[in-house]
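Thanks for making the time this morning. I would like to walk through one model with you, taking a covalent link, a ligand site and a pocket in turn.

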Amino acid sequence: MSDPIVKISGLNKWYGDFHVLRDIDLDVRKGERIVICGPSGSGKSTLIRCINALEEFQEGEIVVDGIELGPNLKHVDAVRREVGMVFQSFNLFPHLTVLDNCTLAPIWVRNIPKKDAEAAAMKFLERVKIPHQANKFPGQMSGGQQQRVAIARALTMNPKVMLFDEPTSALDPEMVKEVLDTMVDLAEEGMTMLVVTHEMGFAREVANRVVFMDAGQIIEANTPNEFFAAPQHARTKLFLSQILR
Amino acid sequence: MNDIASSSFVRRDLLAERPAPVKTTGFVGLMRTRLFNSPTNILLTVLGALLLWFTIVPSVRFLMVDAVWSGKDRAACLTENVGFAVGACWPYIQAKLPQLIYGFYPEAERWRVNLTFVLAVVLLVPLLVPRLPAKGLNASLFFVAFPVVAFFLLHGGGIKGFGLSWTAGLLELFDDSIIGAGQALLDLSKTSAVGPLLWVVGNFVVLIGTAIHWLILPLTWLRDQIQAAGQSVWADFAVTAVIVSLIAFGLGGGLRTGWRALASSIVAFVAIAAVIKLMGLDSGGLPVVATNLWGGLLVTLVVSVTGIVTSLPIGIALALGRRSTIPLIRIFSIAFIEFWRGVPLITVLFFATYMLPLFLPGNFTVDGLVRALIGIALFTGAYQAENVRGGLAAIQRGQGEAAAALGLSWWKTTSLIVLPQALRHVIPNLVNSFISLFKDTSLVSIVALFDLLGSLRASFSDPKWSTPSTAFTGFAFAGIIYFIFCFGMSRYSLFVEHRLNAHRRN
Ligand SMILES: Nc1ncnc2c1ncn2[C@@H]1O[C@H](COP(=O)(O)OP(=O)(O)OP(=O)(O)O)[C@@H](O)[C@H]1O
Ligand SMILES: [Mg+2]
């Protein structure tokens, strides 16, 4: 297949003396959907936050679309332009309308004229099915709607890779579905995605690979069928037995 | 049986008329339900009424009922002449009004003060009304153009050069001080124990100074040529306009997108030229009125408006500095804030006025009013820094992370995401500081500047108007003026707060 668009090699990170990420090696090919799961505190968030340099790391290398991100985080800006991120707590800008949330980065980072940026943003808001709420403030929307706006906001920068850090964990059950549907749509359009989630249904349906982490290491990585049907490592089996009751 | 009977009904006795229930609306209703509905409330109502009786009634009596409204001197306000206990003596305020507004500003030049007030109002009011357009232009006129124009209007005087010679002069001053420092080190090295070390450092500093001297030589040479050619202001103006416009063109994106920047630069310079010509700045300008003649409301407004406008950016910069990850900036900000917060404003003003001149090099003087202005701006800036910091602390980390993940730089994240939210949180605190600054300006009268209160107290000593009620009248008048300004700020801030926090209402 094609070259990896994200290549993580020998990644090590410490918080003080605490070794959070240990020798992580992970290649993500273009168009691949990877679900990362694991117990709380296993370093899932830390790992995907390293990919767009929200966290610094001490050893190893991350290459995103040919741009190299070493421990000195030299090409941060270039990498961030290629990588979109969706957070567990949405992190929409509460003082800006939905439309302004979606045009801010195109206007100020890519220097796109306001009119064009708004037209593009409306297209993405249509894709996540909330075009008629464009002039509302985030505080006036439901959690599911806010998370879909957050997805649209990340998409306006035309990222090559999308990172999701537990995008549905802060949502009520009926809203989880609308956000997952949006993510499935995105996957079907061929977006490269790294998703930290405990939604195993989503993993089964969408993922090309499931990565299981524990104690800062990748314990097991496999296709969803193999992963759920025949987990190899004892730790994986325990985790799955707890989560799939 | 029972069911069927109850479905038919015939009235046997007509109902008697009843009185209306207890009234709950209108004044009577308010009295019944809120003011006199329980023993505690009756007590509180009576106390409140007494309080009003003993404050409002005497004030109204003093200010209006027992006041004297016209007269030519103190005789009009003396109880034995008018036949009742005299309250406020308004003709005294009328006679002293010019002094209270302008201080000792020469009478023939007072139109300049009036013009400045008019300009300020004309520029400020549209800025405060959110519905009006062109806020960017309006703001730059008020915050950049107005202060300069106001300076030349109020103070007078003209200019001898323009951007080029100012830049050259500033660089020369900077360079001279570097060479001076190097020379001082060399002198010191002759006597000091660590002589050789000082000698090396001194020579190095002098070397740097000399290098800078050669670097800026083209600039100083050009300046000297222009100064020698006569018409120095306009030649300098033209050179500056060309250089700045070219830089704007280049920064704006050159041949592709730079035309807008070029056009606005040219428009700005044409406007500057018009102002220079109109005010005759190239030929000496208006007669100089030294700041020690300024006084009254003029000084109060100059000090407070300058303080308000400059303290906020200072405060924002310090607050950001205090949260910086760069140790040097953080330590400087903390030290600066804590120093100014730890010192009373009076001390600051005394220091700025009487001590600072002793520290500055001999021929270098700063105007007394400017010294007080700087002191107040830095003092208030330190307080505003803590207000702003409170707002910054209320912003969740996720906001900055989301902005960073979108590729926004630190500066853009701060100015577009963090500060707009942080400032909204602390509008009440910011305005609180503005209001206390406005009132604290009266402290400048301690360092021989005659603000509104200072001018008022000076006018007490006029024997022509000395009556028992003169001082009370004067303080009442000053109180009303201060109250109008402070209450205005307070109401406007409520309005802004309400408007900007629209996003928090569902
Ligand atoms: N700023 C920090 N300083 C020190 N330790 C931290 C910091 N942030 C996270 N950690 C620790 O690093 C470990 C990994 O955290 P991380 O947030 O990546 O876990 P996670 O797998 O995302 O867990 P969850 O499912 O609960 O989100 C945890 O043990 C956490 O306590
Ligand atoms: Mg996490």
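Predicted model: local features only at pLDDT ≥ 70, side-chain atom pairs only at ≥ 80, totals over all residues.

**The disulfide, the ligand shell and a pocket**

Let me begin with the cysteine pair in chain B: the torsion about the S-S bond of B:C77 and B:C89 is about 75°, so this disulfide is right-handed. The sulfur atoms of B:C77 and B:C89 are 1.9 Å apart, and with a cut-off of 2.5 Å between cysteine sulfurs the count over all chains comes to 1 disulfide. As for where the two partners sit, B:C77 belongs to the loop between α3 (39-65) and α4 (79-82) of chain B, while B:C89 belongs to the loop between α4 and α5 (90-102) of chain B, so the bond ties together parts that are 12 residues apart in sequence.

Let me turn now to ligand 1. Which residues are around ligand 1? In chain A they are A:Y15, A:F18 and A:V20, then the run A:S40, A:G41, A:S42, A:G43, A:K44, A:S45 and A:T46, and finally A:E166. By type, this shell divides into 3 nonpolar, 6 polar and 2 charged residues. Two elements of chain A, β2 (18-29) and α1 (44-51), each supply at least two residues of the shell, and α1(A) gives the most, with 3 residues.

Looking at individual atom pairs, an oxygen atom of ligand 1 lies 2.6 Å from an N or O atom in the side chain of A:S40, and an oxygen atom of the ligand is 2.7 Å from an N or O atom in the side chain of A:K44. Taken alone, ligand 1 exposes 630 Å², and the protein buries 59% of that.

My last item is the second largest pocket, which holds about 950 Å³ of space. It is lined by 23 residues, and those closest to the pocket centre are B:T325, B:G400, B:W410, B:T413 and B:T414. Which elements each supply at least two residues of this lining? They are α2 (76-82) of chain A together with α18 (397-405) and α19 (410-425) of chain B. In composition, the lining of the second largest pocket divides into 9 nonpolar, 7 polar and 7 charged residues.

Key: Residues numbered from 1 in each chain as written. Chains lettered and ligands numbered in written order. Heavy atoms only, no water. Near = heavy atom within 4 Å. Polar contact = N/O pair within 3.5 Å; in protein donor to acceptor, adjacent residues only side chain to side chain. Areas by Shrake-Rupley, 256 points an atom, 1.4 Å probe, with all protein chains shown as cover. Helix = DSSP H or I, 4+ residues; strand = E, 2+ residues; numbered from the N terminus. Nonpolar A, V, L, I, M, F, W, Y, C, P; charged D, E, K, R; others polar. 1 Å grid on protein atoms, 1.4 Å probe; cavity = no way out; pocket = protein on both sides within 12 Å on 5 of 7 lines; lining within 4 Å. Points joined across faces, edges and corners; volume = space filled by probe spheres on them.
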